[in-house]
Amino acid sequence: MAYLLLLVGFVLLIKGADLFVDGSSNIARLLRVPPILIGLTIVAFGTSSPEATVSIIAAMEGSSDVSLGNVIGSNIFNLTLVVGIAAIIFPLKVENETIRKEIPFTLLAGGALLVVINDTFLQDHSNNLITRSDGLIFLLFLSVFMYYVIEVALKSRQDSQTEAIPDEIKWGKNIGLTILGLAGIVFGGELVVSNGTEIAYAVGMSETLVGLTIIAIGTSLPELVTSITAALKKQSDIALGNIVGSNIFNILFVLGASSVITPLSVSSKVGIDVVIMLLLTILLLVFSRTNFRVGKREGAVLAIFYAVYLVYIILRN
């Protein structure tokens, strides 16, 4: 039964992502804002819903390793395999604002995470902990980012008031498509995660390894499917905005909300994964500055990086 439900989850993810990309890209046109902003907000928040659900539930149940491993593993998966596959399918155009502000903000969020999980090194504490205060700081950072996105959206809307919108693009239909697609993504992601985890435990995988691999990959499937679908539809702004936005939401919202609910203890191994995540963010920034796009070659390099990382954590654990 678990294998059948896993298959159903994949089907829901794929169809949900197709509807979600269509609906959200048309909403961007109706709002007269760039698709990158929809990718950074609506799409990113929607595809991060499985991470939020899993991490918050795990935090409430006292499984900090699963909560943290899910977020960090998902971000690494997004930066490597998701961007990599999407770029191989269709090279991702990168806007100047994304290079100058949005990817650096992702780097800032990752840097803040690295600081708050190093209590033993920075403050001589006996253990590392993401406290409620740390969580509130993350949520404040998120509010600053959302303020920036809204400001850019308002300015872009003023600059594009003259653009003609085709008559067939209607508010009701596209809001319906977006909500229906999001429901498929979230429910499909839940089926994939729960049944994939059940199968993984059955074959003897540890909780930490499950958090960094099965759960991280499972909760990132919405980002993967949505970005691939956007790349196939040549909506590269949504594809890249989805990744950048999701990584910001994962750290600032998911970990912020989880640690506000209950402080998260941090394993010593997690610091290495956060450093890897930061290095991969820098690599994406470097690739993005190459002709303002992430091409097929860069995408292949990122995908290979994930394969290497996966082998490393399997051997480490």
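**Helix packing and aromatic pairs in a predicted model**

T106 touches V244, N247, I248 and T281, leaving aside residues up to four places away in sequence. These contacts come from a predicted model. T106 is found in helix α5. Its relative accessible area is 6%, and because buried means under 20%, T106 counts as buried.

The UniProt record, an unreviewed entry, places the feature "transmembrane region" at residues 72-92, 104-123, 135-154, 175-193, 239-264, 270-287 and 299-315. Two of these spans were examined in the model. For residues 104-123, the end C-alpha atoms lie 27 Å apart, and the span is 85% helix and 0% strand. For residues 299-315, the end C-alpha atoms are 25 Å apart; here the span is 100% helix and 0% strand.

Helix α2 was compared with a straight helix. It covers residues 35-47 and spans only 16 Å between its end C-alpha atoms, whereas a straight helix of 13 residues would span 18 Å at 1.5 Å a residue. Helix α2 is also mostly covered, with 10 of its 13 residues buried. Among the buried residues of α2 are I36, L37, I38, L40 and V43. The glycines G39 and G46 are buried in α2 as well, as are T41, A44 and T47.

Aromatic side chains were considered next. A pair of aromatic rings is described by the distance of the centres and the angle of the planes. The model contains five aromatic pairs. One of them joins F105 and F145, with 5.1 Å from centre to centre and 35° between the planes, a tilted arrangement. F105 lies in helix α5 (residues 96-116) and F145 in helix α7 (residues 132-159), so the pair ties together parts that are 40 residues apart in sequence. F105 and F145 are both buried.

F145 takes part in a further aromatic pair, with Y148. This pair is tilted too, at 6.3 Å centre to centre and 40° between the planes. F145 and Y148 are separated by about one helical turn, because they are three residues apart in helix α7. An α-helix has 3.6 residues a turn, so residues three or four places apart point the same way. Like F145, Y148 is buried.

An aromatic cluster is formed by F77, Y306, Y309 and Y312.

Methods: Residues numbered from 1 in each chain as written. Predicted model: local features only at pLDDT ≥ 70, side-chain atom pairs only at ≥ 80, totals over all residues. Heavy atoms only, no water. UniProt positions renumbered as here; feature names shortened; annotations may be inferred. Helix = DSSP H or I, 4+ residues; strand = E, 2+ residues; numbered from the N terminus. Expected span 1.5 Å × (residues − 1). Buried < 20%, exposed > 50% of the residue type's maximum accessible area, 1.4 Å probe, protein only. Phe/Tyr/Trp six-rings, centres within 6.5 Å; stacked < 30°, edge-to-face > 60°. Contact = heavy atoms within 4.5 Å.
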